[in-house]
Amino acid sequence: MANLRSPRFQLLLVLQVLMLIQSKVLCYQYKVGDLDAWGIPTSTNPQVYTKWSKTHEFKMGDSLLFLYPPSQDSMVQVTAQAYASCNLKDPILYMNNGNSLFNFTSLGDFYFTSGEPGHCQKNQKLHISFGNGSAYSPSYGPSALPDSAPSYPTVFGTIPAPPSSAPSQSFPVLMVAVIGFVVCSLLSGNL
């Protein structure tokens, strides 16, 4: 058995802990609409959810946070047909707590709208196409944004960028633990 007080063993343990700390978290939580939150789009920014969805690429494990006053609004997940016709009957999911969190646990198209009558007709709706690398709201069409669309600063700090599609340079946590165990065992003479 290895001497737990030996400097060599302690150094290896510290190195293993440092490698574990460097593991990346690849899931993000996105606030729908950023500073505009979840509400009826204004006349000055009627395409807020189209613009927002075009600037994000979602991955498995990411989540959407819908923020709104609970006494004035809600969020429902609906089918494609219900989305197109603004039919709020029989939603897939209904949330009205003002702090609604939706987690991506499968690939596909996801349709969201306000659960309040009339809000969907005023374009308070969002379509996310998840799994093919694109996200857009087809209520305006994929090419609806002009090249001169304004960019708004974030006053609450930077919004984390989604991880690039390049292969990750970090080892998974389990692999780091296994490598650390093998190295410690080899150096202590147990393998």
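Author: Start with the nonpolar core: a set of buried Ala, Val, Leu, Ile, Met, Phe, Trp, Tyr and Cys residues joined through side-chain atoms within 4.5 Å. Buried means under 20% relative accessible area, exposed over 50%, and partly exposed in between (1.4 Å probe, protein chains only). The model is predicted: local features need pLDDT of at least 70, side-chain atom pairs count only at pLDDT 80 or more, and totals for chains, interfaces and linings use all residues. Residues are numbered from 1 along each chain as its sequence is written, and side-chain values use heavy atoms, with hydrogens and water left out.

Reader: Which residues touch the most other members of the largest nonpolar core?

Author: Leu64, Phe66, Phe112, Leu126 and Ile128 do, in a core of 19 residues. Two or more residues each come from α2 (48–54), β2 (63–67), β6 (108–113) and β7. Helices (H or I, at least four residues) and strands (E, at least two) are DSSP runs, numbered from the N terminus. A second, separate core has 5 residues, including Val76 and Tyr111.

Reader: Why is Gln77 called buried?

Author: Its relative accessibility is 10%. The cut-off is under 20%, so Gln77 counts as buried. Gln77 is in strand β3 (residues 75–78). Contact means heavy atoms within 4.5 Å. Beyond its neighbours within four places in sequence, Gln77 has contacts that include Pro91, Phe102 and Phe112.

Reader: What makes β4 and β7 edge strands?

Author: Two strands pair if DSSP finds at least two bridges between them. The open sheet has 4 strands in the order β4-β3-β6-β7, with antiparallel pairing. β4 and β7 (125–130) each have a single partner strand, so one side of each is left without a neighbour in the sheet.

Reader: How do you know that β3 and β4 pair?

Author: They share 3 bridges, in the antiparallel sense. The definition asks for at least two, so β3 and β4 pair.

Reader: What is the phi of Cys86, and of Asp90?

Author: Most residues other than glycine have a negative phi. Cys86 has a positive phi of about 55° and is not a glycine. Asp90 also has a positive phi of about 55°, and is not a glycine. Cys86 lies in the loop between α3 (80–85) and β4 (93–95). Asp90 is found in the loop between α3 and β4.

Reader: Are Cys86 and Asp90 buried or exposed?

Author: Cys86 has 15% relative accessibility, under the 20% limit, so Cys86 counts as buried. Asp90 has a relative accessible area of 74%, over 50%, so Asp90 is exposed.
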